[in-house]
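Please read each point with the sequence and the model side by side.

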Amino acid sequence: MRYALKVLRYNACVVDRSMATIYLTRLDEGRNMARFYTMRLQETLFAEWSLVREWGRIGRGGQVREDTFQTSLEAEQAFTKIQQAKTRRGYIAVGNLPHAL
């Protein structure tokens, strides 16, 4: 229950497409699972687009992966595809992103 209290602090669901950032969590006390998954789109200095993903256990540092795409459309399609896959696996979007990101 300790993890659920931490997540409730972040308010309601938020998916900000204008900034293309999302924070997802997956909690299951029975399996001692408290995971987060963050994705954001950002333009690079070379006019490409990066999809930056971070994931791990809530309250700990996570792993980071950055994938680069030639166009914003390709990056948005990858963003949407991964978001849908995570939602199918039980992740839910939560409100305001933590300051650590």
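1. With a relative accessibility of 44%, Arg65 counts as partly exposed. The model under review is a predicted one, and the remarks below should be read accordingly.

2. Arg65 has a charged partner. Its salt bridge is formed with Asp67, and the closest N and O atoms of the two residues are 3.1 Å apart. In general terms, side chains of opposite charge can pair when their charged atoms come close. Asp67 itself is buried, because its relative accessible area is 17%, which is under the 20% limit for that class.

3. Asp67 also meets Arg53 through their side chains, in a salt bridge with an N to O distance of 2.8 Å. Since Asp67 belongs to strand β5 (residues 63-69) and Arg53 to strand β4, this pair ties together parts that are 14 residues apart in sequence. Arg53 counts as buried, its relative accessibility being 11%. Two salt bridges are found in the whole structure, and a network of salt bridges links Arg53, Arg65 and Asp67.

4. The overall architecture may now be considered. The protein chain contains six strands and two helices. Read from the N terminus, its elements follow the order α-β-β-β-β-β-α-β. Of the 101 residues in the protein chain, 37% are buried. The accessible surface amounts to about 6,800 Å², and carbon and sulfur atoms account for 51% of that surface. Where contacts join residues at least 6 apart in sequence, 47% of them connect residues at least 24 apart.

5. How many aromatic pairs does the structure hold? There are three. In one of them, the ring centres of Tyr23 and Phe36 are 6.2 Å apart and the planes lie at 15°, so this pair is stacked. Tyr23 is part of strand β2 (residues 21-28) and Phe36 of strand β3 (residues 33-43), so the pair ties together parts 13 residues apart in sequence. Tyr23 and Phe36 are both buried.

6. A further stacked pair is made by Tyr37 and Trp55, at 6.0 Å centre to centre and with 20° between the planes. Tyr37 is in strand β3, whereas Trp55 is in strand β4 (residues 49-57), so parts 18 residues apart in sequence are tied together by this pair. Is Trp55 buried or partly exposed? Trp55 counts as partly exposed because its relative accessibility is 28%, while Tyr37, at 5%, counts as buried. Together with Tyr91, Tyr37 and Trp55 form one aromatic cluster.

7. Lys86 is located in helix α2 (residues 72-88) and counts as buried, with a relative accessibility of 17%. Once neighbours within four places in sequence are set aside, the contacts of Lys86 are Leu24, Tyr37 and Tyr91. Lys86 and Leu24 are 62 residues apart along the chain, yet their C-alpha atoms are separated by 8.2 Å.

8. Ala75 is also found in helix α2. At 0% relative accessibility, Ala75 counts as buried. Not counting residues up to four places away in sequence, Ala75 touches Leu41, Trp49 and Phe69. Ala75 and Arg40, 35 residues apart in sequence, have a C-alpha to C-alpha distance of 9.9 Å.

Methods:
Residues are numbered from 1 along each chain as its sequence is written. This is a predicted model: local features need pLDDT of at least 70, side-chain atom pairs count only at pLDDT 80 or more; totals for chains, interfaces and linings use all residues. Side-chain values use heavy atoms; hydrogens and water are left out. Rings of Phe, Tyr and Trp (its six-membered ring) pair if their centres lie within 6.5 Å; planes under 30 degrees apart count as stacked, over 60 as edge-to-face and the rest as tilted. Helices (H or I, at least four residues) and strands (E, at least two) are DSSP runs, numbered from the N terminus. Buried means under 20% relative accessible area, exposed over 50%, partly exposed in between (1.4 Å probe, protein chains only). Contact means heavy atoms within 4.5 Å. Accessible areas come from the Shrake-Rupley method with a 1.4 Å probe; for residues, only the protein chains shown count as cover. A salt bridge is a side-chain nitrogen of Lys or Arg within 4 Å of a carboxyl oxygen of Asp or Glu.
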